[in-house]
Amino acid sequence: MRVLSGIQPTGNLHLGNYLGAIRNWVRMQEDMDSDSQCFFFLADLHSITVHETREQRIRNVREMAAALIAAGIDPDRSVLFNQARVPAHAELAWILNGTARMGWLNRMTQFKDKAGKHREGASVGLFVYPVLQAADVLLYQATHVPVGEDQKQHLELCRDIATKFNADFDVDLFTIPDPIIPKETARIMSLRDGTAKMSKSDPSDMSRINLTDDDDTIAQKIRKAKTDPEPLPELASALENRPEAANLVGIFAALASRSADSVCSEFAGQGFGAFKPALADILIETLRPIRERFEMLKTDVAQLDSLLGKGAEKARAAAAPTLAGAYDALGLMA
Ligand code: TYM
């Protein structure tokens, strides 16, 4: 098993990232046997599609590394690195630009969402972003890619690119990866709108729980989270047309490692006045130790830089054979 996944180091790690992806990364890391390996990285080359100052970028990479370690990624057991220190990502992405089709990229919903009405003004980088993502995965022969639901389409594209490259050049170079998407937490929604996903780009900080939020902020965000006037039902299936209520019950269930049905039956007949304080409590208890570790880790810049340097060294070694195979398949550098 080769597990690989990435996160953009833009802004804070939030509850959607944690429940949708990072918690699964940690579980997969814990389940590794001696033949398996995990690669987790900060997609800082992807993050150039978002405007940030040089100083912000430097700080964000270090802080996201600290956040991942605080959440349970162990740099001694998993290879933790930032993409920019492994030039093979950019090199393979360029090669795969020859395989990816305009029509495939034109269908990417994330590009449409992010470019919005200003498509002509969007950067070429934003358009070819999923090709770099395919390179990230294929370089390491990843078999399993733990992500949230919003990355599913990018991984399908990755599989298409790998299949076409192998066929076009008559090689068996790339492993076709499987996305691992947790059923219950695939899409954690905004606290202000149950039909929009929780996201770091939402202008309202009240829409998300950040892993850096203190106890009072978490309690306040849950108190103010949008809900409806109905009491909670006996069964979670009755929440189908109540997106905000379904989201909050789903978050509680995920944090308590219980089913949504069991949470509903505990609170059945009660309103959100009873449910919200219980949800705030479990959130606070889960996030406090992560936040405390994060606050400590982020101050040791030299240690973080050294960890990332060592991770990149391992990643460069792991990526080299596949990149050489791609050049060879094309007859470049023969
Ligand atoms: P990013 O940085 O947007 O998000 C990191 C991970 O968090 C998941 N996620 C969510 N899951 C559930 N509910 C949510 N509201 C939510 N918001 C975010 C994402 O699905 C993701 O798994 N393009 C990727 C980074 C990337 C990557 C890769 C991932 C670059 N190369 C290769 C996997 C493999 C991204 O922007 O994720």
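Modeller: The C-alpha centres of domain 1 and domain 2 lie 30 Å apart. This is a predicted model. Domain 1 covers residues 2-186 and 301-330 of the protein chain. Domain 2 covers residues 205-296.

Now the interface itself. On the domain 1 side, 14 residues are in contact with domain 2, and 14 residues of domain 2 meet them. The size of an interface is often given as the accessible area lost when the parts come together. Here the two domains bury about 1,200 Å² between them. Carbon and sulfur atoms account for 71% of that area. Look for Leu15, Tyr18 and Ala70. They supply 43% of the area that domain 1 buries against domain 2, more than any other three residues.

Two elements each give two or more residues to the side that touches domain 2: α1 (15-30) and α2 (54-70). Of the elements, α1 gives the most, with 5 residues. By type, the residues on this side of domain 1 divide into 8 nonpolar, 3 polar and 3 charged.

One last stop, on aromatic rings. The structure holds 11 aromatic pairs. One of them joins Phe81 and Tyr140. This pair is tilted, with 5.9 Å from centre to centre and 50° between the planes. Phe81 lies in strand β3 (residues 79-82), and Tyr140 lies in the loop between α6 (124-139) and β4 (144-146), so the pair ties together parts that are 59 residues apart in sequence.

Terms used: Residues are numbered from 1 along each chain as its sequence is written. This is a predicted model: local features need pLDDT of at least 70, side-chain atom pairs count only at pLDDT 80 or more; totals for chains, interfaces and linings use all residues. Side-chain values use heavy atoms; hydrogens and water are left out. Domain bounds come from an automatic or database domain assignment. Contact means heavy atoms within 4.5 Å. Buried area is the accessible area (1.4 Å probe) that two parts lose on being put together, summed over both. Helices (H or I, at least four residues) and strands (E, at least two) are DSSP runs, numbered from the N terminus. Ala, Val, Leu, Ile, Met, Phe, Trp, Tyr, Cys and Pro count as nonpolar, Asp, Glu, Lys and Arg as charged, and the others, Gly among them, as polar. Rings of Phe, Tyr and Trp (its six-membered ring) pair if their centres lie within 6.5 Å; planes under 30 degrees apart count as stacked, over 60 as edge-to-face and the rest as tilted.
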